[in-house]
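Biologist: Hi, could you walk me through this one? I'd like to start with the side chains and then move on to the sheets.

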Amino acid sequence: MKIGILLPSHFDVASLCRVRELCRILLQSSPLEGGPIELAVGLPERPESEWRRHERRLREGMPEVIVRHLKWETVPAGNAVRMFAKHGLRLDLSGIHEVLVPRDWGWNFTDCDLWINFADTSMGAVLPLKPVAHYVSDLAMRIVPYSFGAGVDDPFWQRQVDSFRLWRQGALVIVTDQWTADDVVGYAGVRRENVVQLPSLSFSDEPLPHLPERELGGWIWTIEANPRFDIRNALAGLQIYVREGGTHLPTIACQNAAPFSPGSHHPVFAGWDASALDLWSELEIVAYPDFRTLSRLLNRAQLLWSSEIAGGDGFSLALAARHGLRFLGMDFPAHRQLAEKCGHSIALYAESDPLLIADALHAMEALGPSQSQPLGAPESPAIRRQQYGFLIDRLLERVRD
């Protein structure tokens, strides 16, 4: 049995970590039917050296995993059913102008029996040429819609609606927390029986990459130039903390440092006063292109602070737990659920409010230096294999239909 795992055009380090963990679990799982599992990962195009680096990481220790070049191709919906008539698609594409097909310079992943798609609704509707499960880490657009579209007429919202229309036509949707499950039902309109809640792929029991001897150091603040990270309020909280005698200036860790470079006119800085800009200029900014670089950075820290206010599948909290770090972040459902499972030096502030953030920073400083024991996934490896094996069984039922 061959399973295609499809990444969206815009993927990040968190996405690659989830895909690698999914590959590990599936290669160890034992579905009731289907025989030995083969995996074909669709990795969208990047500059060749970068693409090869990601390929090596995905296959490291798992030579059975095949990584293919993937290009998402747009096809007019009116032509799609005729173009792929041999697949016997039973779909209602009314109201959908375009659909997406994964191209791989060969079989276009139709040699796979099943697909697992890491869903990005900003891309539009993925044509299900094979029984498909969409992995949805969050539906954060419900909380911070301005992160996804500039207004109600932004094309994002139509592409999202198109995605939901196809999800509602029998696809399985994978979530890792009850709140996202509720959003998939209430917001996307997917039937409850087609929503499968599984253990988070942000956690892993895989040993971390080889790291130098650990020296407890400073604090890491993970952000991106996106409203989901509420940088303005987070920096305002940091200002209050410093004015009141706080001594820890965090190092900023981000995947894309370009918006934060000197002289940048990115909208994230709009309206900042001189004191905020002065403090910002004192902070070191480190870009991490891959998980190995990020892991080395965290190995020298004692606290990880994420100012994300929605979504993310709790990836930053999982990172902190895996590296034995304290974690500071906002109290939203994914963080709260994982904090209850981890019970691991975690502090959550109730709102993204500067005063609450400053109080939380003071509280973390008052704890003093310490080193916690790194934690793996909250569930045992056997349970993770069993539950993801159940997903494959559900998808195989659709093959027989």
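**Around S306**

Modeller: Happy to! Let's start with a polar contact: the side chain of S306 has a polar atom 3.3 Å from the backbone nitrogen of E308. Keep in mind that this is a predicted model.

Biologist: Where does S306 lie?

Modeller: S306 belongs to strand β13, which covers residues 303–306.

Biologist: Is S306 buried or exposed?

Modeller: S306 is buried, because its relative accessibility is 0%.

Biologist: Which residues is S306 in contact with, leaving aside neighbours within four places in sequence?

Modeller: Those are T222, S316, F327, L328, G329, M330 and Y349.

Biologist: Nice. What about the sheet with β13 in it, what is the strand order?

Modeller: That open sheet has 6 strands, ordered β12-β11-β10-β13-β14-β15, with parallel pairing. At the edges are β12 (285–287) and β15 (346–349), each pairing on one side only. On average, neighbouring strands in this sheet are turned by 25° against each other, with direction ignored.

Biologist: Which helix lies across β10 and β13?

Modeller: That's α6, residues 231–243, which runs at about 155° to β10 (219–222).

Biologist: And how many bridges join β11 to β12?

Modeller: There are 3 bridges between β11 (residues 251–254) and β12, and the two strands run parallel. Within that pairing, C254 stands opposite A287 of β12.

Biologist: Speaking of cysteines, how many disulfides are found in the whole structure?

Modeller: The search finds 0 disulfides. For C17, the nearest cysteine sulfur is that of C23, 12 Å away.

Biologist: What does β7 pair with?

Modeller: Strand β5 (residues 114–118) runs parallel to β7 and is joined to it by 4 bridges, with W115 opposite V132. β7 also pairs in the parallel sense with β8 (residues 172–175), over 3 bridges. There, A133 has L172 as its bridge partner.

Biologist: How does the chain cross from β7 to β8?

Modeller: It goes through helix α4 (residues 155–167), in a right-handed β-α-β crossover.

Terms used. Residues numbered from 1 in each chain as written. Predicted model: local features only at pLDDT ≥ 70, side-chain atom pairs only at ≥ 80, totals over all residues. Heavy atoms only, no water. Buried < 20%, exposed > 50% of the residue type's maximum accessible area, 1.4 Å probe, protein only. Polar contact = N/O pair within 3.5 Å; in protein donor to acceptor, adjacent residues only side chain to side chain. Contact = heavy atoms within 4.5 Å. Pairing = 2+ DSSP bridges. Right-handed = clockwise from strand over helix to strand, strands pointing away. Disulfide = S-S within 2.5 Å. Axes fitted to C-alpha atoms, helices over the stretch in contact; angles between N-to-C directions.
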